[in-house]
Amino acid sequence: AIQRTFSILKPDATERNITGAINALIEKAGLRIVAQKRIHMTRGQAETFYAVHKERPFFGELVDFMTSGPVVVQVLEGEGAIAKYRDVMGATDPSKAADGTIRKLHAKSIGENSVHGSDAPETAAIEIAQFFAGNEIVG
Ligand code: CMP
């Protein structure tokens, strides 16, 4: 089925000016970028977005990083978009990511790993709604 997933190009990607290179990998995989904007997340936005990780030891570091510079938030659409984008991203830890994936090619570390993608339909819907109004998504 056609799905939508939520994507973030993280501060390590904007800092190195590689958002276009990452978008090319997304599009080459057959995903369509149906919404996109560049924002600087507030701490509040990052804490809300990553609330499920609140008790993790890296939570503070994660919020610091995600608010350290601009990010590009996106909605991606396509056949099985959630799993497809996770395949394109590669493993969270770039040293474990498969060849040709965004994280293998571009990620700096497990924290500064260039991209985020939703892990399930329910989280995709919640994450998309945090950053996009319905009329900002143009399929
Ligand atoms: P993301 O898919 O955005 O969701 C949670 C993020 O936490 C994850 O990508 C990583 O960037 C980050 N993360 C996971 N494990 C660690 C870790 N051990 N240290 C720092 N950050 C981490």
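Residues are numbered from 1 along each chain as its sequence is written, and side-chain values use heavy atoms, with hydrogens and water left out. Because the model is predicted, local features need pLDDT of at least 70 and side-chain atom pairs count only at pLDDT 80 or more, while totals for chains, interfaces and linings use all residues.

The ligand sits in the largest pocket. A pocket here is an open set of points on a 1 Å grid over the protein atoms alone, where a 1.4 Å probe fits, with protein on both sides within 12 Å along at least five of seven lines. A molecule sits in a pocket if more than half of its atoms lie within 2 Å of the pocket's grid points. Around the ligand are Lys10, Tyr50, His53, Phe58, Glu61, Leu62, Arg103, Ile110, Gly111, Asn113 and His116; each has a heavy atom within 4 Å of the ligand.

A polar side-chain atom of Tyr50 lies 2.6 Å from a ligand oxygen. For His116, an N or O atom of the side chain is 3.1 Å from a ligand oxygen. At Ile110, a polar backbone atom is 3.2 Å from a ligand oxygen. Taken alone, the ligand exposes 460 Å², and the protein buries 80% of that. These areas come from the Shrake-Rupley method with a 1.4 Å probe.

Ser114 lies in the loop between α6 (102-106) and β4 (115-117). Helices (H or I, at least four residues) and strands (E, at least two) are DSSP runs, numbered from the N terminus. Ser114 counts as buried because its relative accessibility is 0%. Buried means under 20% relative accessible area, exposed over 50%, and partly exposed in between (1.4 Å probe, protein chains only). The side chains of Ser114 and Arg16 make a polar contact of 3.5 Å. Such a contact is a pair of N or O atoms within 3.5 Å; within protein, one must be able to donate a hydrogen and the other to accept it, and residues adjacent in sequence count only if both atoms are side-chain atoms. Beyond its neighbours within four places in sequence, Ser114 touches several residues, including Ile8, Lys10, Asp12 and His106. Contact means heavy atoms within 4.5 Å.

The backbone of Ser114 has a phi near 70 degrees, a positive value in a residue other than glycine. Most residues other than glycine have a negative phi. Asn17 also has a positive phi, of about 60 degrees, and is not a glycine. Asn17 is in the loop between α1 (11-15) and α2. At 69% relative accessibility, Asn17 is exposed.

Asn23 belongs to helix α2 (residues 19-28). With a relative accessible area of 12%, Asn23 is buried. Its side chain makes a polar contact with that of Gln36 at 3.1 Å. Another, of 2.7 Å, joins the side chains of Asn23 and Gln74. Leaving aside neighbours within four places in sequence, Asn23 is in contact with Leu9, Ile33, Gln36 and Gln74.

Glu47 lies in helix α3 (residues 43-49). Glu47 is partly exposed, at 36% relative accessibility. Neighbours within four places aside, Glu47 contacts Phe59 and Val63. Glu47 and Pro94 are 47 residues apart in sequence and 24 Å apart in space, C-alpha to C-alpha.

Notes
1 Å grid on protein atoms, 1.4 Å probe; cavity = no way out; pocket = protein on both sides within 12 Å on 5 of 7 lines; lining within 4 Å.
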